[in-house]
Structures are given as C-alpha cells and as structure tokens.
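Visitor: I have a model open and want to go through it piece by piece. Can we start with the ligand?

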Amino acid sequence: MISVPEAQARIVEAVSPFPGQALALAEAWGRVLTRPVAAPIPSPVFDNSAMDGYALNAADTAAAGPGAPVTLFVAATVPAGICLRSPLKPGEAMRIFTGAKIPEGADAVVKQEEVERAGETIRLSRPVSWGENIRRRGEELEIGAEVLGPGRPLQAAALALLAGFGLERVAVHAAPRVGVLVTGSELVPPGAPLEPAQIYESNSFGLNAALQELGLVPAFAERCRDRREDLQWALAEGLQRADFLIVTGGVSVGDFDFVKEAAADAGVREVFWKVRQKPGKPIFFGKKSEGKCLFGLPGNPASALVCFYEYVRPALLRALGARELFLPALRLPLAQGLKKKPGLRHFLKARADLGGAAPSLHILEGQGSHLMRSFAAANALAVLPEEGESWAAGELVEAHLLPSIFQTWRGG
Ligand code: AMP
Ligand code: MG
C-alpha cells in the first residue's frame, strides 16, 4: 500500500496536459492558456480621463490660489467615444467625462467637484498638476507585453482582461471528456421506488457537481450492476467514450467487487490500488496505453467525494494544463482535541472558520464514510498525518479548502 503523496505523485506523472485548441472567449471559462498572450494594443489604448471634469493645460492654472481663482473658457464637450478634431487652446478648458480621449493640448483633468462653473467659464482656486486624472496610454501594458501567462484557469477577471485587448479567441488546453460509471446492484436512481435492500444512487450527483466546479460536464453518467460481464462491457464502452472514466464502487475485496478485473480486461494497467488513507483506502488508478485514465473510487459517498477532490480533481486540472493541482492548504488551530489510530492519513469533514479574528478548524460530527450530512456542512477537509495519534485543541492541523461557488468562511 502506498502513501497519499506517493499516489498523488503517480497521478501527476501519469497525466499530461491536453493539446491546445482555439476557443471563443465566452467558452473559455475554467480553461488554461497554452502559451502567454501578448498585448496586441497598449492598455490603456489612448490617454483618457479618469474623472468627470474639465480637461485643461496645467500651466494655465499655475497662478491659482485660495483667494486668486483662475478663470478658463469652456470651449467644448468631450464625451466618451468622441475624438475631437480641434485642440485645446491656451486659457481654455473642455468639459470631459470618464473614459473620454484627452484632447490635444490638454495635459490634466480637474474633477468637476473642484471647480465653480459660471456660464461658459470655470473658476479654479488651486493649481492643477501635470498629468492629474489622466490614465496614460500604455501605462498598464505596452504593445507586445505579456497580458497573461499559462498555468491558471481563466476566471472572470482574466476573461475580462483578455476581452479588453479585443481578443476574440484564446489558445487553451482541450478539456478532457469525463465519464461517470456507478456500480452496485443495490442502486436505484432518485425518483424511482425503493424496493427492500435497495438504496438511492447518490455518487453520480456529487461527482457531476464536483466536475462542474472545474468547468467540466460529464460526457455520460451511467449505472452498472455488480455482474462481471456487465461491468466489463460498461468499462470497455466507457473508456471508448471518455478520456477519464470515474467508476465508483466495486474496488474493494468483496466477492462482488469486479472493477479491478474488468479494468484489466479492458486493457487498463494498474498504476496503484489502495492508499494508506481513511476514507478511500481501496482507491484504484489505472491507465490505458493510449493515455486514457480510469479511477476506481470506493462506493461510500464520502469516500468517493474525498477521493475525487484529492486525486481525480488534480488529474483533471493537470489535463487542463493548470499548474496548481491540489486543494488550497492552510494550517489552522483545532477547535477541539482529537485522536486517531496511527497508520493511515485521515481526511475529516471539517469547517474552517476564517471569518473571525482567530481562525480555527472544527471537526464535524459524523465522520463515517457513508455519512454525507457532515460533508454537506463542511468547507474543508482536515488532514491528519499517518503517524499522528492525538492532537490537543489549538494545535495546528492541515486543512484542504473545498471548492465552492457558495463558500462561506464563517463558522457555524
Ligand atoms: P462498494 O465500494 O461497492 O463496496 O460500496 C460501499 C458502500 O457504498 C455500500 O454501502 C454501497 O451501497 C454504497 N454505494 C456504492 N455506490 C453508491 C452510489 N453510487 N451511491 C450511493 N451509495 C453507494
Ligand atoms: Mg458495491
């Protein structure tokens, strides 16, 4: 049995970033650039006003003081989007608005709140400095400078940034096709009547959402009974249609756990089976010659999801070309003491309270790998190392922060 870091290292080694493709900006959320993007235009693209006010020549205001205002004639109005032909003449100002092009001859903008307007003139009681309230052409980036490099999934701000340079398409790594196959003869889909000894299938719903957290939508999600032939067929089929096949259930040592055998039959070579961890010890990871990957996650819903976050998510992020693969980790003081048996790394459903003055980590009630209520309340996994046995309240413990668009970092 290997350790968690060893298993994670093998996954990183086994998966390569997918080839590049050109995508429309509107489709590129969550994708990762294959190469740096150079600025095709400067940013800002021309000198423009940072304020609603008056464009003027700073030298004309040099003599202005509290008791000695300077008066300037308002010669024109420059709204955003208008390029004035006539330059500003000495002794003149122009009404200007945020984002409007600075007229030729002007070298500063004074805010409208700072002047006294009287008819066609403004009066100013202080000297304006050269360049005041002007956003300079190229002040953020000159033509050819790097706008954004590869490595981080494109989020809202990155997409707005790229769009601001007029880019329509970006070169990003292709997204892997992901398939979900849940196994278990006891499973019925929500909505169906529950016969004795059956349970509702829930893993595909958790995995579907966890994939969407990465901007991925599963290519398919299917169910399979615990029959070796059925599973063989389903795995072979699934591996045709997906680059990554996530299977849940059937990876243990029970008489009906056929995933490993069926995987071998489908030409999947084992990279590892079983990791020194709890939950999720029987996790299986294998690879086919053409690079397709199969994850066999234990069927208990909490195990499946922990394994997704700790192994599948990093693998998918690597395929997407991301550099940071693992959940963000923090060391936080424990809100309560705790004990465990040595030997396995434990992942505990926890709430990281980062909102207050003293951050802390609360281990939630209900750590069984079949218990999801605690997981639904968690925003982090507490990570207890293999060797450790007991921790006192206040001791620092690693926490892996779970992704969520609706994340809250206040306790409770
Ligand atoms: P297994 O890994 O197949 O031995 O399953 C372990 C436990 O997880 C059993 O109690 C299964 O009934 C349960 N289980 C397996 N797959 C699912 C699923 N897709 N949804 C909910 N529970 C599951
Ligand atoms: Mg099963």
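Guide: In this predicted model, an oxygen atom of ligand 1 is 2.5 Å from an N or O atom in the side chain of Glu186. Residues are numbered from 1 along each chain as its sequence is written, and chains are lettered from A and ligands numbered from 1 in the order in which they are written. Local features need pLDDT of at least 70, side-chain atom pairs count only at pLDDT 80 or more, totals for chains, interfaces and linings use all residues, and side-chain values use heavy atoms, with hydrogens and water left out.

Visitor: What does a nitrogen atom of ligand 1 sit 2.9 Å from?

Guide: That nitrogen atom is 2.9 Å from an N or O atom in the side chain of Glu201. A backbone N or O atom of Gly250 also lies 2.9 Å from an oxygen atom of ligand 1.

Visitor: How much of ligand 1 does the protein bury?

Guide: The protein buries 77% of the 480 Å² that ligand 1 exposes when taken alone. Those areas come from the Shrake-Rupley method with a 1.4 Å probe.

Visitor: Which residues around ligand 1 come nearest?

Guide: Glu186, Glu201, Ser202, Gly250 and Gly299, out of 16 residues around ligand 1 (a residue is near if one of its heavy atoms lies within 4 Å). The shell divides into six nonpolar, eight polar and two charged residues. Here Ala, Val, Leu, Ile, Met, Phe, Trp, Tyr, Cys and Pro count as nonpolar, Asp, Glu, Lys and Arg as charged, and the others, Gly among them, as polar.

Visitor: Which strands each supply at least two residues of that shell?

Guide: β13 and β15 (199-200) do. Strands are DSSP runs of E with at least two residues, helices are runs of H or I with at least four, and both are numbered from the N terminus.

Visitor: On to α3. Which of its residues are buried?

Guide: Asn203, Ser204, Leu207, Ala210 and Leu211 are buried in α3, residues 203-212 (buried is under 20% relative accessible area, exposed over 50%, partly exposed in between, with a 1.4 Å probe and protein chains only). They are on the same side of α3 because they cover an arc of only 130 degrees around the axis; the arc is that of the directions from the helix axis to the C-beta atoms.

Visitor: And what covers them?

Guide: The cover includes β13 (178-183), β16 (220-224), β17 (244-248), β21 (293-297) and α6 (301-319). Contact means heavy atoms within 4.5 Å.

Visitor: What about α2, which residues are buried there?

Guide: Ala158, Leu159 and Leu162 are the buried residues of α2, residues 156-163. They fall within an arc of 100 degrees seen down the axis, so they line one face of the helix. The face turned away carries the exposed residues Ala156, Ala157 and Ala160. The buried residues of α2 pack against β2 (37-38), β11 (146-148) and β12 (169-173).

Visitor: Next, α1. Is Ala7 buried or exposed?

Guide: Ala7, found in helix α1 (residues 4-14), counts as buried because its relative accessibility is 0%. Leaving aside neighbours within four places in sequence, Ala7 is in contact with Ile2, Phe272, Val275 and Tyr311.

Visitor: And Glu6, what does its side chain contact?

Guide: The side chain of Glu6 makes a polar contact of 2.8 Å with the side chain of Arg10. A polar contact is a pair of N or O atoms within 3.5 Å; within protein, one must be able to donate a hydrogen and the other to accept it, and residues adjacent in sequence count only if both atoms are side-chain atoms. Glu6 is partly exposed, at 34% relative accessible area.
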